[in-house]
Amino acid sequence: MRLMGVVNVTPDSFSDGGRYLDADAAIAHGEKLVRDGAEILDIGGESTRPGAEPVEWEEEMDRVEPVVAGLAGKATVSVDTSKAAVAIAAIEAGASVVNDVTALRADLEMGPVCAEHGVDVVLMHMPGSPQTMQEDPRYGDVVGEVKAFLAERLEFAVWMGIAEEKIWLDPGIGFGKTLEHNLELLRRLGELRELGRPLAIGTSRKSFIGRIDGSEVGDRLGGTIASSVLAAAEGADVLRVHDVAEAAQAIRVAKAILE
Ligand code: HH2
């Protein structure tokens with residue numbers, strides 16, 4: 001199990017927008033997350049929160065590239081982007097993972113770019129786009145549908161020439177899902193392991209926690225830890241979190257007990 005620390009170089013991310021917009025601040029934050037126990041840093045220049053405004057690729061690239069360059073070599077660097085041009089710039093600056101929340105659907109160049117550069121690729125489930133995804137999400141069986149979607153995207157990525165062993169899958173907690181959908185996915189995470197690829201999970205500070213206890217975004221660490229530990233126990237391979245030190249301690253203690 002590895003921890004992926006979040007570095008948002010954005011003005012509008014839902015929990016830390018504007019805090020690390022300056023490249024030096026973002027790099028210093030990434031370095032702290034590595035000291036806290038992050039093996040992977042996920043660097044993003046565009047918010048995916050519900051209703052977020054899309055960012056032009058030049059702007060996103062300008063935000064992300066210097067931060068990737070400043071953190072490359074200090075951890076495995078992942079770039080959180082759906083745009084091939086941004087992915088190329090980040091890979092050239094040292095990123096070795098592309099985390100695409102659209103699972104290669106937003107930019108048709110993304111698959112070939114990832115294949116050509118031999119990077120790891122995170123394929124995430126999201127119905128529609130961040131602009132529309134929370135408009136009345138409905139599923140028959142949410143786990144079955146997310147699993148079928150991820151199986152199809154996995155097949156597509158391999159068809160695009162990405163090596164299967166480079167692909168990680170993510171059910172997209174909070175992306176086009178109600179509270180019940182998120183809980184069902186976390187409860188039955190084990191079923192997604194049947195796809196045979198590592199699972200990445202991001203519950204950190206998300207609004208499903210607030211829907212359970214009314215907490216505001218800055219006050220969801222307990223819920224983040226509870227959901228992350230249970231996800232790890234269900235077989236999650238990568239936990240994407242903002243608060244790495246606390247998650248690292250929780251995982252260490254949970255592991256010591258279970259072993
Ligand atoms: N969640 C967010 C962003 N990217 N990528 C993956 N693979 N899985 C996730 O669950 C995931 C993700 C949302 O969190 P954050 O980056 O903090 O917010 P924002 O999108 O507003 O920048």
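User: Which residues are closest to the ligand, and how many surround it?

Analyst: In this predicted model, the ligand is surrounded by 17 residues. Ser13, Ser47, Thr48, Asp170 and His242 are the closest.

User: What classes make up that shell?

Analyst: Five of the residues are nonpolar, seven are polar and five are charged.

User: Where does the ligand sit?

Analyst: In the largest pocket.

User: What does asparagine 99 do with the ligand nitrogen, in distance terms?

Analyst: A polar atom in the side chain of asparagine 99 is 2.8 Å from a nitrogen atom of the ligand.

User: And how much of the ligand does the protein cover?

Analyst: On its own the ligand has 490 Å² of accessible area, and the protein covers 98% of that.

User: What about aspartate 80 and phenylalanine 14?

Analyst: For aspartate 80, a side-chain N or O atom lies 3.0 Å from a nitrogen atom of the ligand.

User: Switching to the fold. What is the strand order in the sheet?

Analyst: The sheet is open, with eight strands in the order S6-S5-S4-S3-S2-S1-S8-S7, and the pairing is parallel.

User: Which strands are at the edges?

Analyst: Strand S6 (167-170) and strand S7 (200-201), each of which pairs on one side only.

User: How many bridges join S3 and S4?

Analyst: Three, in the parallel sense, between S3 (residues 76-80) and S4 (residues 97-100).

User: Which residue stands opposite serine 78?

Analyst: Valine 97 in S4.

Notes:
Residues are numbered from 1 along each chain as its sequence is written. This is a predicted model: local features need pLDDT of at least 70, side-chain atom pairs count only at pLDDT 80 or more; totals for chains, interfaces and linings use all residues. Side-chain values use heavy atoms; hydrogens and water are left out. Two strands pair if DSSP finds at least two bridges between them. Helices (H or I, at least four residues) and strands (E, at least two) are DSSP runs, numbered from the N terminus. A residue is near a molecule or strand if one of its heavy atoms lies within 4 Å of it. A polar contact is a pair of N or O atoms within 3.5 Å; within protein, one must be able to donate a hydrogen and the other to accept it, and residues adjacent in sequence count only if both atoms are side-chain atoms. Accessible areas come from the Shrake-Rupley method with a 1.4 Å probe; for residues, only the protein chains shown count as cover. On a 1 Å grid over the protein atoms alone, a cavity is a set of points where a 1.4 Å probe fits but cannot get out, and a pocket is an open set with protein on both sides within 12 Å along at least five of seven lines; lining residues have an atom within 4 Å of a point. A molecule sits in a cavity or pocket if more than half of its atoms lie within 2 Å of its grid points. Ala, Val, Leu, Ile, Met, Phe, Trp, Tyr, Cys and Pro count as nonpolar, Asp, Glu, Lys and Arg as charged, and the others, Gly among them, as polar.
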